Amino acid sequence: MVLSEKYEMLRKNFRNFAETEFTKEIQDRLDATGEFDEELYAKMAKYGFTGVKIPREYGGQGADTLTYMIMGEEFARVMPVATIYVNTPNSLGAGPILMCGTEEQKQAILPDVAAGKKHIVFALTEPGAGSDAGSMQTYAVEDGDDYIINGRKCFISGAPFADYAVVYAKTDRTQKGSKGISMFIVDMKTPGISTGKPEAKMGIGGYPTSDISFDNVRVNKKWLLGPKDKGFQTALKTLNGGRLGVAAQSLGLAQGCLEEAIKYSKERVQFGRPICKNQAVSFAIAEMATEIEAARCMVYTAAQEMDAGVKDNYIKCAMCKYYAAEMANRVAYKALQIFGGYGYIKEYKIERMYRDARIFSIYEGTSQVQQMVISGALLH
Ligand SMILES: Cc1cc2nc3c(=O)[nH]c(=O)nc-3n(C[C@H](O)[C@H](O)[C@H](O)COP(=O)(O)OP(=O)(O)OC[C@H]3O[C@@H](n4cnc5c(N)ncnc54)[C@H](O)[C@@H]3O)c2cc1C
């Protein structure tokens, strides 16, 4: 795919930042402690990355989706968790506000999010409502000028340090399934909110994930986001963009794994010659590179079609997420195999990349959910 000079220049800048700033020390520390790196985030904010997709009038860069994809790809190529650092503010956090926030809500939240001064997270999943997010139990009832929220969300990325959360709650419990759900912008310091202990995760260390509990949390009606009872549609629309973000993250991780595998296969000598001289190894590399290229074409095309307003773009978003996530796992598996026993040792980056890849086919809709979306569109 031929990209204009503008995008190649942007790629160079993102790559340069990633290779300079995502040092081995930071990567090892984030993986070991799981703690969020505020200093790194501030640097990303300084360059405008935390608000790349947020329009200029709200303090962001106003970039298009392709730019956003290239950024996510280049960051994940070096340190996959870094893509979450930029996906959460640009997509999951700002997305619903940009889609249906009032001017007052946009002005109150977005400039600080774009500047990296405040963190906003996306709180949809619940212990009993994952793939079937519409079956949520969290509810909000009207009380004078307020809503009172009760319930519990789980697996919320960034919850332990969040300033705001976009929270989904049932406002009409007489309506079944995903109907009767509303969105709220909730200040995480509101009395009645508590976050659980960060989960000990398999990968993507450095972006803590936890529960959020709501115990009679009072939220003024001015923080209802979008029309009452119609919030779930916005969640799905937000997840379209989010899915492309995960596809770009998958693409970048796979590219990083491929480069590691190529380098190692040229250096490692067994039976008197570099292991890449064996067709079993060189063909694995050819297969990895081909799959990555296929995913790249899909992701860039879907991004451009999203900005062009192409109808039913959600199907391609699901295809991209499904294919790229599964592809990244295949590539990480093969790359680690090329490293042999060393690939199993933490000192080698490929060990972490392999663990990081595993989340891609799970969050923002599992691979099976993407298959449901794709097949549902084809078979309706
Ligand atoms: C690290 C991490 C970060 C996350 N961040 C966030 C976040 O910021 N905000 C947020 O709201 N959520 C977040 N999530 C939640 C994530 O989106 C859910 O975990 C995911 O949607 C799957 O839900 P579940 O875990 O309940 O699995 P389940 O829905 O219980 O699914 C279990 C298995 O059953 C399969 N399955 C379920 N239904 C069907 C079906 N009808 N047909 C075929 N197969 C099916 C699934 O594909 C899966 O393989 C995060 C999760 C993790 C692990």
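1. Helix H6 covers residues 103–114, and its 12 residues reach 16 Å from the first C-alpha to the last, close to the 16 Å expected at 1.5 Å a residue. Helices here are DSSP runs of H or I with at least four residues, strands are runs of E with at least two, and both are numbered from the N terminus; the expected span is 1.5 Å times one less than the number of residues in the helix. The model is a predicted one, in which local features need pLDDT of at least 70 and side-chain atom pairs count only at pLDDT 80 or more, while totals for chains, interfaces and linings use all residues. Residues are numbered from 1 along each chain as its sequence is written.

2. The buried residues of H6 are Ile109, Leu110, Val113 and Ala114. A residue is called buried if 20 or more other C-beta atoms lie within 10 Å of its own, exposed if 12 or fewer do, and partly exposed in between, with the C-beta atoms placed from the backbone. These four residues are on the same side of H6, because they cover an arc of only 120° around the axis, the arc being that of the directions from the helix axis to the C-beta atoms. An α-helix has 3.6 residues a turn, so residues three or four places apart point the same way. What covers the buried residues of H6 includes helix H5 (80–100), strand S1, strand S4 (164–170) and strand S5 (181–187). After H6 comes Gly116, with a positive phi near 75°.

3. Helix H7 (residues 231–267) has 37 residues and reaches 54 Å from its first C-alpha to its last, close to the 54 Å expected at 1.5 Å a residue. Because 29 of the 37 residues of H7 are buried, this helix is largely enclosed by the rest of the structure.

4. The protein is divided into domain 1 (5–114), domain 2 (120–229) and domain 3 (233–379), with bounds that come from an automatic or database domain assignment. The centres of domain 2 and domain 3, taken over C-alpha atoms, are separated by 30 Å. Nine residues of domain 2 are in contact with nine residues of domain 3, where contact requires the C-beta atoms, placed from the backbone, to lie within 7 Å.

5. The ligand is surrounded by 20 residues, of which the closest are Leu124, Gly130, Ser131, Thr366 and Gln368; a residue is near a molecule if its C-beta atom, placed from the backbone, lies within 6 Å of it. Strand S1 (120–123), strand S3 (146–157) and helix H11 (367–379) each give two or more residues to this shell. Domain 2 and domain 3 each supply at least three residues to the shell around the ligand.

6. Phe155, in strand S3, has a positive phi of about 60° although it is not a glycine, and Phe271, in the loop between strand S9 (269–270) and strand S10 (273–274), has a positive phi of about 55°. Most residues other than glycine have a negative phi. Phe155 counts as partly exposed because 19 other C-beta atoms lie within 10 Å, whereas Phe271 counts as exposed because it has 8 C-beta neighbours inside 10 Å.

7. Leu378 lies in helix H11 and counts as exposed, because it has 8 C-beta neighbours inside 10 Å.

Methods: Contact = placed C-beta atoms within 7 Å.
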